[in-house]
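Please have the sequence and the model open while reading.

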Amino acid sequence: MTSSIRDKQIAALKQMLNLNSPEYKDNGSEPVWKVLIYDRRGQDILSPLIPIKELRECGVTLHLSIHSERDPIPDVAAIYFCMPDQDNLDRIAQDFQNNVYEKYYLNFISAICRQKLEDLASSALQTENVSHVHKIYDQYLNFISLEDELFILSNQNAQSVSYYALNRADAKDTDVEVMMDDTVDGLYSVFVTLGTLPIIRSARGNAAEMVAEKLDKKLRENLRDTRNSLFSSENSGIYNFQRPLLVVLDRNIDMATPLHHTWTYQALVHDVLKLNLNRVTVVQEQKKPKTFDLDPKDSFWITHKGSPFPTVAESIQSELEHLKNSEEEVKQLKESMGLDGESDVALAMMSDNTAKLTSAVNSLPQLLEKKRLIDMHTDLATSILSVIKSRRLDLLFEFEEKVMSQASLDKQILDIINDTEAGTPEDKMRLFIIYYIYTHSISDSDIDMYSSALEKQGCDLSPLKYIKRWKMFSNITTTTTNQYGGGTKSVNMFEKLLSHTSSFVMEGVKNLVVKRHTFPVTRIVDELLENKQSSSTSDEFRYFDPKQLRNSDGFKSKNNFSEVIVFIVGGGNYIEYQNLLEYVRNKAVSPGLPQLKIVYGSTVVNNAPEFLEQLSLLGQELQ
């Protein structure tokens, strides 16, 4: 099993924290104590991967922002992990001037250019710190791994590469160029970390094509530079089938999915509770807010993050019952230890129970950790459930699924718009935009009628103005047909949950189990993998191979790819991510070939309210 992108990034970071020596192993000796200095980008990269406890294990006694006020600490090594931008370099020069640390290990997230490196050398020379600068490294870690199959390029500065930033009316060519270069730099870091050269496919005529062209050029240049190539023949895959397929897509190919009301656990946490860098804060009435880390090591989270919410609620309930039984077992053992009498039977039972109790005590730490995690999921599910009930998210989800799968509707959209209990104004706008995108012909009079009804419910119509313009310029009538097979069905799964012992009172919430379906991004990936595009689809997607001397779009790839990296320019979401994982799980494996692996990446990951806000800003520009 090859290491995931997350594992490889963690290994690179731990090597950096060990002063760029092979990873520190516990052989009884103390690690070298050091200080870690990072900028905002460095903090975003480290935060989901290395908890504070592991920083301590790597010998990091103090971790500080590069721009914070820092006192000099003599006789200590300082590891810097930051972007090579001018602000950071000026601050490093200032640290040289003030002799803040004894040894400097400078690790740049992206490659530092020659000119800036010379300026840094001049600063070290002027302050007589040349001997104190021990190492300078280009780490090529300019991306944020959230899970084994998920990465993003930006978090705290997400607005700079958002859908709005790319599509706003006053975006200059130079601004777009900078955004594209930043995106390419992040993707380049991904492939340097993976140690593989991709074969690239991208849609034509949009930002995705620009990214693919620039990335192809950057990979070619490095490959031709034999002295400094980051892709040796040993690790970049000599044979084509060992290389991953990179599919670069533009957010404009599918504007409905980012606004969709979802029904799976992880996507609901992101939509309703604003999951950020695997961390979520739950605000409960008359209680202090709780912050939880959704750790990829949490087996319940890994198993159920893609499950429909009712399944998750039932699983939490059964886990709680299992824990209760374990606690009861320990309690009964304790009681039985107080047996009266000195008979042989009593002594035999005593001996037997002592062994059982010892086993129970030994398993206590695991039991307590399991209880902590299940309590966390109980809090998360309770918060989500209260939002589902208050906003009738089950009703909205069911209606949207029928619209997107072109199924017959059992309700009129106007009834849902006018229903004061069915969602917030933003929910209604999301619902109507999806209806508008998937309905091929709506008369102007109907649009006016719906708009008037939405306005009466307090909706901001700006996002709709932008979507009207987007639909007019997109070939949407052909691309939405038959791209989404699915829908929902109601199954009687709530018997346990409706019992009085349940922590979740699910009455009034529809038990919707999602049928298998394919979103547009997944459909495109499937067509490119299976080489089953029509000639028109084939023409829509360009082909780049950095290892070929000349790039040829006419070349038809016959590779059986075992790994695909799907990258969305302009923002991704957990709905598409979960849909791709489901596609892999259900895909038949050909004899003799490994199981397909899919990694999903995007410039940023937006939830529906954030994406709707960007559409609103774009719509306001059209007024």
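## Terms and basis

Buried means under 20% relative accessible area, exposed means over 50%, and partly exposed lies in between (1.4 Å probe, protein chains only). The model is predicted, so local features need pLDDT of at least 70 and side-chain atom pairs count only at pLDDT 80 or more, while totals for chains, interfaces and linings use all residues. Residues are numbered from 1 along each chain as its sequence is written, and side-chain values use heavy atoms, with hydrogens and water left out.

## Salt bridges

The structure holds 30 salt bridges. A salt bridge is a side-chain nitrogen of Lys or Arg within 4 Å of a carboxyl oxygen of Asp or Glu.

One of them joins glutamate 147 to lysine 305, with the closest N and O atoms 2.3 Å apart. Glutamate 147 is in strand E6 and lysine 305 in the loop between helices H10 and H11, so the pair ties together parts 158 residues apart in sequence. Helices (H or I, at least four residues) and strands (E, at least two) are DSSP runs, numbered from the N terminus. Both glutamate 147 and lysine 305 are buried.

Aspartate 271 and arginine 430 form another salt bridge, at 3.0 Å between the closest N and O atoms. Aspartate 271 is buried at 8% relative accessibility, and arginine 430 is buried at 1%. Asp271, Arg391, Asp427 and Arg430 are linked in a network of salt bridges.

## A buried phenylalanine

Phenylalanine 544 lies in strand E14 (residues 541-544). Its relative accessible area is 2%, so phenylalanine 544 is buried.
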